[in-house]
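Work through the exercises below with the model open beside you. Try each task before you read its solution.

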Amino acid sequence: MSAAVQTRLHLPPAPALVAGVREAAWLSEEGEIERLAPQEAARRLRRTDAVYCVHAGATAARVGGERPSRAFDLLELFAFTWPARFCVPTVRGLAEALDLPRPESVEDAPTLLLRAAQTLLAELSRRAQAGEDAQAPRVAGAMARGGWLWGPAVLAALGEGEEDVMLRAATSGLDVWRRLKEWSEQAPPPPAGDRGVDPQDARRRLAELLGSQSEERPGQADYASAAAEAFAPKMASGAPNMVLAEAGTGVGKTLGYIAPASLWAEKNEAPVWISTYTRNLQHQIDAELDRLFPDAQTKANRVVVRKGRENYLCLLNLEEAAAGVQVNGVDAVPLGLMARWAQATRDGDVTGGDFPSWLTDLLGARRTSGLTDRRGECVYTACSHYKKCYIEAGVRKARRADLVVANHALVMVQAARGTLDLGGRTTRLVFDEGHHVFDAADGAFSAYLSGLETAELRRWIRGNEGRARGRVRGLKARAEDLLGGQEAAAEALEALLDAARALPGEGWQMRLKEGRPQGAAEAFLAAVRDLTYARAHGRDGPYGLEIEAAEVGEAVMEAAKALKSKLDRMIAPAKTLRDLLYSRLDEEADELDGATRVRIEQVCRSLDHRVGDSVKAWGDMLLALDGDTPAAFVDWFAVERIDGRDIDVGMRRHWIDPTIPFAETVAGPSHGLLVTSATLTDGSGDVEADWRAAEQRTGAVHLPEGAMRARAPSPFDYPAQTRVYIVNDVRKDDLDLVAAAYRELFKAAGGGALGLFTAISRLRGVHRRIAGPLEEAGLTLYGQHVDALNLPTLIDIFRAETDSCLLGTDAVRDGVDVPGDSLRLLVFDRVPWPRPTILHKARRKHFGARAYDDLLTRLKLKQAFGRLVRRAGDRGVFVLLDPMMPSRLTGAFPDGVEVQRVGLAEAVQGARAFLRPGG
């Protein structure tokens with residue numbers, strides 16, 4: 001009997017559901033297919049014991065029902081069968097991943113779910129018969145004991161009997177850490193060399209990467225030559241070789257800078273760090289590096305993707321969660337899928353790479369991203385899994401790699417903490433998506449004295465003091481055995497623990513809401529909250545509030561002084577503890593083993609950052625309330641809210657120009673850096689002014705030698721490949737009219753449409769009005785903040801399903817690469833002016849009033865327009881539903897593109913004719 005027949009016999013009987021917005025398809029256990037209204041589908045979901053579906057949460061949300069507690073979710077079975085492999089989490093995506101015919105109609109879709117289940121079970125059966133995947137039965141057994149609906153069918157496919165499963169321990173199969181390979185230490189690598197890259201050599205390397213069959217791109221070769229200047233030897237202290245290089249879309253800038261970067265790394269036996277803005281873009285760059293290293297094993301040794309610690313699975317957290325399965329058996333299901341993935345993953349990264357983003361939706365954050373080291377609780381060499389740790393393995397590989405692909409936030413934070421090794425082996429930096437350097441620096445070098453931040457510091461120092469779940473080891477548990485019997489160090493540790501009591505404890509948010517703060521920090525936060533609610537506009541609305549931190553009154557001032565005194569009590573013992581720990585490294589150099597040295601160094605660095613830097617910055621902010629904020633900064637009070645509910649409260653301090661600390665701590669110490677983007681310069685019409693603005697927003701103006709400028713124009717024929725319409729007869733304050741415009745434009749394009757919004761409430765309102773009509777027209781609409789899908793998943797679906805439509809905010813616009821027909825229409829609901837915040841007010845005054853507003857707005861429009869045409873054959877239409885769009889902003893669009901101010905009917909007709917000739 002074939003494996004396919006065997007698995008079909010064990011397919012559990014249950015109905016299947018595929019949901020749309022206006023109707024759903026239901027396949028009964030008897031094989032009858034029905035088309036149901038969403039309300040009826042939701043009712044059946046409530047009354048059905050179990051149902052086949054794809055993404056249970058999204059399915060329930062589509063019909064307006066609650067997520068079923070029991071579901072045969074095909075994504076769970078896919079993740080078990082093919083761990084660390086991606087599929088688009090839709091019926092069509094599942095069909096494509098399994099090489100099954102895509103369903104042609106709603107009625108075909110539920111039947112495909114059963115075929116997909118049979119295919120996956122058949123694959124498991126084949127492996128079992130071939131003696132492959134020996135761990136699958138053990139993991140499936142643990143999950144079955146935890147109540148996994150797929151458990152019996154999977155075990156049957158694997159040839160496992162129920163009695164075999166019951167004989168195993170509850171956690172058997174979840175202990176993936178036992179089966180992972182250890183990394184090994186190597187001798188420290190030599191210092192980086194100082195040999196430059198000749199521009200002609202960069203051109204030759206680029207030609208090798210492209211291959212003999214590729215079309216000639218003179219602009220890309222010129223760009224590679226210019227980028228090579230960032231890899232010339234450094235000649236003066238504090239004066240790196242900085243290159244600002246704008247490469248229009250289609251130039252091929254990624255391979256253009258990889259050419260000189262890879263040459264420099266090879267010649268000087270040291271890594272080049274390539275930084276981009278988002279984690280998604282990190283993996284796009286990583287994919288491009290397949291051209292440089294087509295052999296997977298070679299690439300694994302010479303290319304490393306690096307992110308912050310909070311992005312990687314912590315094996316100790318996984319082990320302790322698995323131990324809890326004996327008490328909470330249902331956790332065996334998510335932990336089993338995590339164990340399957342952990343065995344197959346390339347690098348343990350749970351925020352991208354080979355981790356399917358939809359797994360977090362399916363399994364919940366607690367048992368996915370919650371298993372990372374988000375709170376700085378790592379015990380380093382004291383951890384039993386240290387030699388298998390994904391993070392430590394990545395750190396060591398990065399030291400010997402040719403290219404390290406990182407993100408702006410990681411690079412800047414590590415540079416600020418002195419852990420990036422600028423001027424040592426890490427001497428060359430590439431900042432792709434360089435137009436985001438300003439924003440990334442703004443986040444990295446700001447300070448926030450808030451409830452969440454201070455409560456987190458208390459938790460880091462004192463550990464778990466309440467009923468919170470999970471392993472929360474305080475500083476005493478992590479560091480007490482490192483004190484070496486020094487009584488003074490023990491006293492300093494106890495003093496720090498005691499001083500941390502002044503910080504907010506568990507339940508602080510409720511106490512603030514009820515007006516009963518405890519301790520100096522909560523008293524200050526309560527006073528700030530009261531003052532903010534008293535002064536701020538829009539306090540009855542759903543959004544966050546902010547006020548200037550000026551003339552704060554007696555209540556806030558007294559609370560600030562009291563808190564400053566308490567914070568000062570933390571700094572001295574933290575410094576004493578750090579100094580005494582460092583003294584052990586010197587005094588006992590011949591006695592301390594390497595593991596202990598590593599732990600001491602890590603504890604000392606954490607004390608420097610968390611107490612020495614952060615607490616001191618908070619004290620300086622409080623001190624300024626009784627005087628003047630330093631001219632380089634802007635301070636304000638804020639209450640962070642989501643849908644009208646307080647999330648956090650506190651005082652913020654930002655640099656007015658964050659490129660000052662960027663130049664001092666990141667750019668200046670490096671030997672060379674390339675800052676590149678397709679949208680580096682403004683489109684004001686004054687070329688010199690545009691370059692000066694780029695130099696200002698990237699920190700080049702703060703370097704003694706400035707930066708070399710280079711530009712490679714896009715090879716695309718934008719006048720022929722694009723259309724731009726500004727619709728002048730839709731009132732942007734009438735959401736019914738705005739929604740109608742989106743509906744007709746999306747229908748005219750036949751899908752492949754992205755709608756961008758400046759406010760979430762408007763996005764939701766439009767989605768509610770047009771999802772049904774679009775579905776009737778055969779178009780599926782997805783919405784950020786609407787669908788029960790996270791943003792990376794939504795973008796994956798949008799990219800894969802060429803006739804789908806997506807509504808999103810700025811997070812969708814930034815750094816999303818959707819080539820081809822998947823994105824052929826982009827509609828903005830209004831001109832994306834900067835939000836009028838206190839911070840923007842200060843920067844507007846500093847950088848040039850209206851000209852600054854215009855610059856930011858043009859750059860947003862320029863970035864959005866750049867999403868439309870990614871390849872030579874792409875065509876796209878850009879529509880702005882705002883008749884108040886000033887002509888001075890049209891410099892955001894490429895030269896030669898006609899900006900047409902038309903009525904909605906003409907825009908719809910023009911989009912249809914341009915995108916669907918003959919349609």
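**Exercise 1.** In what sense do E18 and strand E21 pair, and over how many bridges?

Some ground rules come before the solution. This is a predicted model, in which local features need pLDDT of at least 70, side-chain atom pairs count only at pLDDT 80 or more, and totals for chains, interfaces and linings use all residues. Residues are numbered from 1 along each chain as its sequence is written, and side-chain values use heavy atoms, with hydrogens and water left out.

*Solution.* Start with the terms. Helices (H or I, at least four residues) and strands (E, at least two) are DSSP runs, numbered from the N terminus. Two strands pair if DSSP finds at least two bridges between them.

Now find strand E21 at residues 825-828. E18 pairs with E21 in the parallel sense, over 4 bridges.

**Exercise 2.** Are the residues on the two faces of strand E18 buried or exposed?

*Solution.* Buried means under 20% relative accessible area, exposed over 50%, partly exposed in between (1.4 Å probe, protein chains only). Strand E18 spans residues 753-756. Ala-753 and Gly-755 lie on one side, Leu-754 and Leu-756 on the other. All four are buried, and both faces are covered. In a regular strand the side chains alternate between the two faces of the sheet.

**Exercise 3.** Where does H32 bend, and by about how much?

*Solution.* Helix H32 runs over residues 760-776. The bend is about 40° at Ile-770; a bend is the angle between axes fitted to the seven residues ending at a residue and the seven starting there. Pro-773 follows within four residues. Buried residues of H32 include Ile-770, Val-766 and Leu-774. Their cover includes helix H31 (735-749), strand E19 (781-783) and strand E20 (805-808). Just after H32, Gly-778 has a positive phi of about 85°.

**Exercise 4.** How many residues has the largest nonpolar core, and which have the most contacts inside it?

*Solution.* A nonpolar core is a set of buried Ala, Val, Leu, Ile, Met, Phe, Trp, Tyr and Cys residues joined through side-chain atoms within 4.5 Å. The largest has 68 residues. Tyr-52, Leu-74, Phe-80, Trp-150, Val-154 and Leu-313 have the most contacts inside it. Apart from it lies another core of 60 residues, including Met-570 and Leu-585.

**Exercise 5.** What is the order of the strands in the open sheet that begins with E8?

*Solution.* Its 7 strands follow the order E8-E9-E7-E10-E15-E6-E16, and the pairing is parallel. The edges are strand E8 (303-305) and strand E16 (708-712). E8 pairs with strand E9 (residues 403-407) over 3 bridges. Val-405 in E9 is the bridge partner of Val-305.

Terms used. The expected span of a helix is 1.5 Å times one less than its number of residues. Contact means heavy atoms within 4.5 Å.
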